[in-house]
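The following exercises concern a predicted model. Each task is followed by a solution in steps.

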Amino acid sequence: SRFQRLRESALLKTLGASRRQVIQVVLAEYIAIGLLAALAAFILASLAGWALAHFLFEIPFRLPIRQAATLIGGTAVLAVLIGAWGSIEVVRRTPLEVLRET
C-alpha cells in the first residue's frame, strides 16, 4: 500500500500535480476511509446493542445520536491524522527518487 502511494504520488507529480494537490488526494482518501470505517462500526455496534437490549436484557434500546456523531467524527479525524502522518514521505519524495527504486 505504501509503495503504491509512492508510485501514485510520483505519477501525479510527473503529470504536473502540485504538492498541494497530492496532499489533497491523500487527505480525501483518508477522510473517506475514516468515515466508512466509523459508519460501519457504528452500524454494527448499534445492531449488536439493539440485539443485546432486546433479546438478552429485555429493555428498550435508545440510540445516543449525539455521542454517535461525535464518535464518528472523531474516528474520521483520527484516521486522517494518522494517515497524513504516515504519508509524509509520499509528499516529500521526488518522482525521480521513487522511479529509481522500482
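**Exercise 1.** Identify the salt-bridge partner of arginine 5 and state what the pair ties together.

*Solution.* Step 1: the partner is glutamate 29, with the closest N and O atoms 2.4 Å apart. Step 2: arginine 5 belongs to helix α1 and glutamate 29 to helix α2, so the bridge ties together parts that are 24 residues apart in sequence. Step 3: buried means under 20% relative accessible area. Arginine 5, at 18% relative accessibility, therefore counts as buried, whereas glutamate 29, at 28%, counts as partly exposed.

**Exercise 2.** Determine how the buried residues of α1 are arranged around its axis and what covers them.

*Solution.* Step 1: the buried residues of α1 are Arg5, Leu6, Ser9, Ala10 and Lys13. Step 2: viewed down the helix axis, these residues fall within an arc of 135°, so they line one face of α1. Step 3: Gln4, Leu11 and Thr14 are exposed on the other side. Step 4: the cover over the buried residues includes α2, α4 (88–92) and α5 (95–101).

**Exercise 3.** Trace the salt-bridge network that contains arginine 93.

*Solution.* Step 1: glutamate 89 forms a salt bridge with arginine 93, the closest N and O atoms being 2.8 Å apart. Step 2: arginine 93 also meets glutamate 101 in a salt bridge, at 2.1 Å from N to O. Step 3: through shared partners, salt bridges join Glu89, Arg93, Glu97 and Glu101 into one network. Step 4: arginine 93 counts as buried at 11% relative accessibility, while glutamate 89 counts as partly exposed at 29%.

Methods
Residues numbered from 1 in each chain as written. Predicted model: local features only at pLDDT ≥ 70, side-chain atom pairs only at ≥ 80, totals over all residues. Heavy atoms only, no water. Buried < 20%, exposed > 50% of the residue type's maximum accessible area, 1.4 Å probe, protein only. Helix = DSSP H or I, 4+ residues; strand = E, 2+ residues; numbered from the N terminus. Arc of directions from axis to C-beta. Contact = heavy atoms within 4.5 Å. Salt bridge = Lys/Arg side-chain N within 4 Å of Asp/Glu carboxyl O.
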